[in-house]
Amino acid sequence: MPSENNIKAPVFSYDEIRNHADHFLKQYHPCREIPIPIEEIAEFQMGLNIVPIPGLLRAFDVDGFTSSDLSNIYVDEFIYSDRPGRYRFTLAHEVGHIFLHKEIYSKANFRNIKEWKDFINSISEKDHGWLEYQAYSYGGLVLVPSEHLIKRTEFYVNRIQEEDISLRENWDFAWDLIAARLAKDFEVSSDVIEKRLNKDKVMETYR
């Protein structure tokens with residue numbers, strides 16, 4: 001298992017992560033239709049094994065993780081079967097690790113959950129934070145492509161105005177509604193949508 005000193009996270013800007021996510025979609029889902037079929041891409045195009053594990057979240061406080069040989073994505077069984085949006089994001093997040101952090105994972109050589117946890121604990125808080133931020137950003141950019149986010153947001157802004165909900169007078173309430181409706185379209189959580197809206201500064205265009 002590598003020591004903390006041997007593990008350094010790469011530093012990618014948000015735009016660089018966006019470029020990586022766009023390249024992924026160009027390769028595996030060039031039509032870019034939503035919702036992005038991340039499970040089918042992972043299993044049938046990338047050849048990954050998706051393995052549900054009972055109690056993973058409860059025991060290790062994690063939704064999923066990827067094997068060091070990058071062939072398996074392990075997912076908490078409850079999330080796998082009962083939380084479809086969270087499951088989809090877990091897959092996209094782990095795919096982000098596979099493409100952005102391949103060298104780090106391939107050198108780790110962990111063979112079970114305990115060794116994986118030891119691997120995570122061997123990484124400094126700063127570097128682990130970078131790894132997770134990058135994978136989270138990648139997952140959101142893959143599942144919520146920018147062009148669809150902009151178009152669907154415009155559609156729902158017009159819709160709520162037709163419902164006599166004023167953006168100016170009910171800003172927070174209106175955007176909560178918009179985020180919830182977008183979440184259904186992209187089959188992700190409202191939290192993922194809110195982060196994408198903020199990162200792409202979509203809401204600022206309506207102030």
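I take buried to mean under 20% relative accessible area, with exposed over 50% and partly exposed in between (1.4 Å probe, protein chains only). I also take helices (H or I, at least four residues) and strands (E, at least two) as DSSP runs, numbered from the N terminus.

Ground rules: this is a predicted model, where local features need pLDDT of at least 70, side-chain atom pairs count only at pLDDT 80 or more, and totals for chains, interfaces and linings use all residues. Residues are numbered from 1 along each chain as its sequence is written, and side-chain values use heavy atoms, with hydrogens and water left out.

**Helix H11**

I looked up H11 (residues 190-199) and found Val-192, Ile-193, Arg-196 and Leu-197 as its buried residues. Down the axis of H11 these fall within an arc of 135°, so they line one face of the helix; the arc is that of the directions from the helix axis to the C-beta atoms. I then checked what the buried residues of H11 pack against: helices H1 (14-28), H5 (84-100), H8 (125-143), H9 (146-162) and H10 (171-186). Lys-201 follows H11, and its phi is positive, near 55°.

**Whole chain**

I get 11 helices and three strands for the protein chain, in the order α-α-β-α-β-β-α-α-α-α-α-α-α-α. Of its 207 residues, 48% count as buried. For contacts (heavy atoms within 4.5 Å) with a separation of 6 or more, I noted that 66% come from residues 24 or more positions apart. The C-alpha trace spans about 60 × 35 × 35 Å along its principal axes.
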